[in-house]
Amino acid sequence: MCDTCGCGEGRRRTIEVNQDILRANREIALDNRRHLDSTGTIAINLIGSPGSGKTTLLERTIERLGRRFRIGVLEGDIETEIDAERIRKKGAVAVQLTTGGACHLESSLIHRGLHELEGRLDGRRLDILFIENVGNLVCPSFFELGEHLRVVLVSVTEGADKPLKYPKAFRTSSVFVITKADLIPYTDFDIKKATEFALSINPSLETIVTSSRTGDGIDEWVDLLIKARKRTP
Amino acid sequence: MHELSIATGIVDEIVRIAEENRAKRVLAANLRIGRGAGIVIDSLRFALEVVKTAHPVLTSTEMRIDEVPLIYRCNDCGREFEADDLYLPRCPMCGSYNLRLVSGEEMDIKDIEIEV
């Protein structure tokens, strides 16, 4: 209001914004998605606590599907190449993304990872891309990465109440994988309860019970991936 | 602690909008955060105060957070009601589970007040 008198007070204005806080992340995620669609690659974002069995499930998956499909993995961790090394031993292409402290992956890091993967692929296209998020059941659920399918994992030693305690991970996922089912006799884990809790958050969630050690449920998991791949463009 | 990343995103957006509008400084920013958005408001407030110090245009910005209640509309009887949490809510009038979320998942920058 005061441009002329010299009191130094400028004009005040209100700018309407009405914009999603995570817009920047979402826009890069959409770019990632368009890129993945153009190469015919289905991307799967795995979310679960540290030690929930994400990497081991990927090892079993690559053993089953590695001959039929070209599989790539982006491994999210705070530090180390340990997980990427494990995946490479199974014959898949892997890039380790170290966040250097952040507890989740963001779409810009995936963008960089996709470039790095392509550098290692010499023009070949991936059929399936797994994104193993940083071990954490909270923060990764906020950040879209451009994935086609989001999967939340809980191991039986973590307890059946996890869907209730970490609702966002379950609300935003379409598949719930219970892992380490071979350990159920040593725990109080109740599959029925865990499934009910998960469905109370997200009624359309599909649940699969697996054991990477015995191989139980891995067929079902692999079938689901093949079906999901057929559904994507 | 996703609140720090979220605060960084908010501050970057506010700075971008302020620059676009040639603001001398930003007086206030009004944010809308839903009860069911999964954001700890106190953590977000703390993170915003830390992150904004990196930008001179934000030194005197008041960060206002409007908490949006979790409201459902019943698809069977049409009534609207407020819920405490996201877990399998039922319509208190007719008992139906067939509900639509009306509000409560917002994470928006509503507007910013600037001095030009």
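Reader: At what angle do the axes of helix H1 (residues 23-38) of chain A and helix H4 (residues 107-121) of chain A cross?
Author: Roughly 25 degrees, and the two axes come within 8 Å. Axes here are lines fitted to C-alpha atoms, for helices over the stretch in contact, with angles from 0 to 180 degrees between N-to-C directions. Helices are DSSP runs of H or I with at least four residues, strands are E runs of at least two, and both are numbered from the N terminus. Bear in mind that this is a predicted model, where local features need pLDDT of at least 70, side-chain atom pairs count only at pLDDT 80 or more, and totals for chains, interfaces and linings use all residues. Residues are numbered from 1 along each chain as its sequence is written, chains are lettered from A and ligands numbered from 1 in the order in which they are written, and side-chain values use heavy atoms, leaving out hydrogens and water.

Reader: Why are H1(A) and H4(A) called roughly parallel?
Author: The cut-offs settle that: under 35 degrees is roughly parallel, over 145 roughly antiparallel, 65 to 115 roughly perpendicular, and the rest oblique. The angle is roughly 25 degrees, so H1(A) and H4(A) count as roughly parallel. The crossing is left-handed, meaning the near helix is turned anticlockwise from the far one by less than a right angle (clockwise would be right-handed).

Reader: What makes H2(A) roughly perpendicular to H8(A)?
Author: Helix H2 (residues 54-65) of chain A and helix H8 (residues 218-231) of chain A have axes that cross at roughly 70 degrees and come within 11 Å. That angle puts the pair in the roughly perpendicular class. Residues that meet, with heavy atoms within 4.5 Å, include Leu57(A) and Arg60(A) in H2(A), and Trp221(A) and Leu225(A) in H8(A).

Reader: Which residues touch the most other members of the largest nonpolar core?
Author: Out of 35 residues, they are Ile6(B), Ile10(B), Ile14(B), Leu44(B), Leu48(B) and Ile112(B). H1(B) gives the largest share, 8 residues. To belong, a residue must be a buried Ala, Val, Leu, Ile, Met, Phe, Trp, Tyr or Cys, joined through side-chain atoms within 4.5 Å. Ile10(B) touches Ile21(A), among others.

Reader: Is Asp42(B) buried or exposed, and how do you know?
Author: Buried is under 20% relative accessible area, exposed is over 50%, and partly exposed is in between (1.4 Å probe, protein chains only). Asp42(B) has 61%, so it is exposed.

Reader: How does Thr80(A) come to be called partly exposed?
Author: Its relative accessible area is 39%, so it falls in the middle class. Phi of Thr80(A) is also positive, near 75 degrees.

Conventions: Lists of a residue's contacts leave out its neighbours within four places in sequence.
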